[in-house]
Amino acid sequence: MADDHAVVREGIRLLLDAEADLTVVAEADDSDGALRAVRGHKPDVLVLDLSLRESDALDAIPAIKADAPETAIIVLTMHGDATVAREVMRAGAAGFLLKDSAGEELVRAVRAVAEGSTYVQPDIGGQIAALDTYEPNRLREISEREVEVLRLVALGHTSREVADMLVLSVRTVETHRRHLQEKLECETRAELVRFAIDHGLLETRS
């Protein structure tokens with residue numbers, strides 16, 4: 001488990017160690033410590049605080065999953081925002097729980113993700129579903145040419161390379177890119193890459 005409050009870690013340890021089939025093998029108070037512990041112990045599950053000291057679980061999750069893909073991550077937090085929960089799950093977490101619900105629900109979540117399932121606190125899961133229902137399909141707002149530009153930019157090509165591949169001028173490519181950022185509300189290339197991944201634009205095409 002990783003949490004920057006010792007009293008929280010102690011409470012979680014007591015809760016989980018009380019279960020015959022669960023054992024806490026390591027504790028950490030920051031993301032670097034969590035990564036070291038996961039590397040050293042290769043646990044089935046990591047219970048991770050969303051806001052560790054001087055770090056953010058959203059940044060830590062991909063690194064931890066890269067080192068230990070078999071370790072399922074449950075994010076435990078005080079922040080019950082469905083948008084945050086969705087981003088946490090997209091980053092690679094297998095579970096999302098609020099700290100004020102930690103107890104038997106945490107035990108259920110640990111068992112579920114250890115067996116390969118996902119577990120989102122039910123009321124938060126409902127809010128995520130509502131977000132997905134009402135979020136506009138921004139992919140419909142961009143043209144086929146803009147989709148081509150987006151895909152190539154997301155794959156790491158420069159504006160010059162995209163221009164050569166699509167037989168366009170660099171200025172036209174940069175205009176398309178600016179329009180993409182405006183339509184998709186993406187301020188950085190990283191956000192464009194995330195949008196492309198989320199919408200399957202980087203999948204291998206037959």
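1. A pocket here is an open set of points on a 1 Å grid over the protein atoms alone, where a 1.4 Å probe fits and protein lies on both sides within 12 Å along at least five of seven lines; lining residues have an atom within 4 Å of a point. Bear in mind that this is a predicted model: local features need pLDDT of at least 70, side-chain atom pairs count only at pLDDT 80 or more, and totals for chains, interfaces and linings use all residues. Residues are numbered from 1 along each chain as its sequence is written, and side-chain values use heavy atoms, leaving out hydrogens and water.

2. The volume of that second largest pocket comes to about 400 Å³, taken as the space filled by probe spheres set on the points. Its lining splits into 16 nonpolar, 1 polar and 4 charged residues (nonpolar: Ala, Val, Leu, Ile, Met, Phe, Trp, Tyr, Cys and Pro; charged: Asp, Glu, Lys and Arg; polar: the others, Gly among them). At least two lining residues come from each of α2 (31-41), β1 and α5 (104-114). Helices (H or I, at least four residues) and strands (E, at least two) are DSSP runs, numbered from the N terminus.

3. On to the sheet: four strands run in the order β1-β2-β3-β4, open and with parallel pairing (pairing takes at least two DSSP bridges between two strands). β1 (45-49) and β4 (119-120) sit at the edges with a single partner strand each, so one side of each has no neighbour in the sheet. Between β1 and β2 (residues 72-77) there are 5 bridges, in the parallel sense, and Val47 stands opposite Ile74 in β2.

4. Helix α4 (residues 82-91) packs on this sheet and touches β2, β3 (95-98) and β4, contact meaning heavy atoms within 4.5 Å. Its direction makes about 150 degrees with that of β3 (axes are lines fitted to C-alpha atoms, for helices over the stretch in contact; angles run from 0 to 180 degrees between N-to-C directions).

5. Worth a look: Lys42, in the loop between α2 and β1, has a positive phi of about 45 degrees without being a glycine. Lys42 is partly exposed, at 47% relative accessible area (buried is under 20%, exposed over 50%, partly exposed in between, with a 1.4 Å probe and protein chains only).

6. Val167 also has a positive phi, near 55 degrees, in the loop between α8 (159-166) and α9 (170-184). Val167 is exposed, at 74%.

7. Finally, His176 in helix α9 is buried, at 16%. Beyond its neighbours within four places in sequence, His176 contacts Arg145, Glu146, Val149 and Leu168.
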